Amino acid sequence: MAELNAGDQIAGLQVTPDKYLPHRYAGASGDFNPIHIDPEFAKAVGLPNTILHGLYMMGLVARASAEAAGGDPRSLKRLSVEFRGMGAPETEVAVTGTIKAVEDGVATIEVVAAQGESVTIKNAEAEVAL
Amino acid sequence: MTIKTEAIGKEWPATTYEVGKEKIGEYARVIGIENPVHFDREAAKAAGYRDVVAPPMFCVVYGAPALGPAMFDSEVGMNFAAMVHGGQQFEWGEPACSGDVITTAAKCLEIFEKEGKDGKPNNGFYVFETVSVNQDGQEVARGTWTNIVRGV
């Protein structure tokens, strides 16, 4: 059982998705929206280049939240996120979080995903069972 | 332009997805999850799962196909050129394991306009819900998907 207290920082994670990560995520998830895998298409619709799938970054937030509770996938009960800035491949994604409350065996964690100064997921809230 | 709201409450036909062990492993590897309960049947059973268990966010794999027809429905009428995925929530119940047959139904919860900031045009909010249940009728995941269309 993980020992979590309000105010604690979670370990979080740092991942640098390689150039082809969006292709593998597309295959794994079934989301082949070309803005994630085709640089020409992405630029034609006004993006600087291909962008990471928001739900991939939410997957990283879910992973960091479950790991904070000891890593059992059953521990994650709820996760809500807001997508903000676009995520870029080949740039480190840092997931950080703070325990907001621990009540009745459930910890509420506030989580953020960012690439440097660019926040890609904000106001994320995870509920994990301890 | 005023946003169309007649699709509020509309439901779309459910989709069915059979969860496979290798698909779970493929998803877990992409996210970088190393817990053996996602790859190894014996490890999963030792941890109290019926079979290799999916990471929670695998719900997008079995849940998203139900959402496609809702997103593209002309009665909803979203302008895809100006659409972004604004927010997402999932709540999880019974874990999804290899061999499960999961049925997902999609519904439009809300469509509304919010005034744009600093004199910008209004934004349209389109909120959908997916409810996924397994072969025993247990709810495995409930998703709330919020899409925002800039300048409705």
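The largest nonpolar core has 72 residues, and M57(A), L60(A) and V61(A) have the most contacts inside it. Such a core is a set of buried Ala, Val, Leu, Ile, Met, Phe, Trp, Tyr and Cys residues joined through C-beta atoms within 7 Å. A residue is buried if 20 or more other C-beta atoms lie within 10 Å of its own, exposed if 12 or fewer, and partly exposed in between, with C-beta atoms placed from the backbone. The helix α3(A) gives the most to this core, with 10 residues.

Please keep in mind that this is a predicted model, where local features need pLDDT of at least 70, side-chain atom pairs count only at pLDDT 80 or more, and totals for chains, interfaces and linings use all residues. Residues are numbered from 1 along each chain as its sequence is written, while chains are lettered from A and ligands numbered from 1 in the order in which they are written.

Let us stay with α3(A) for a moment. Helices (H or I, at least four residues) and strands (E, at least two) are DSSP runs, numbered from the N terminus. In α3(A), 15 of the 15 residues are buried, so the helix is largely enclosed by the rest of the structure. Beyond its neighbours within four places in sequence, M57(A) has contacts that include L52(A), V93(A) and I121(A); two residues are in contact if their C-beta atoms, placed from the backbone, lie within 7 Å. After α3(A) comes G70(A), with a positive phi near 110°.

Now to the meeting of the two chains. Chain A brings 26 residues to the contact and chain B brings 24 residues. On the side of chain A that touches chain B, the elements giving two or more residues are α1 (21-29), α3 (54-68) and β2 (76-83) of chain A.

Strand pairing also links the chains. Two strands pair if DSSP finds at least two bridges between them. The pairs below include one across the chains.

| Strands | Bridges | Sense |
|---|---|---|
| β2(A) and β2(B) | five bridges | antiparallel |
| β1(B) and β3(B) | six bridges | antiparallel |
| β3(B) and β4(B) | 11 bridges | antiparallel |

Finally, chain B as a whole has three helices and five strands, in the order β-α-α-α-β-β-β-β along the sequence. Its C-alpha trace spans about 60 × 30 × 20 Å along the principal axes, and 41% of its 152 residues count as buried.
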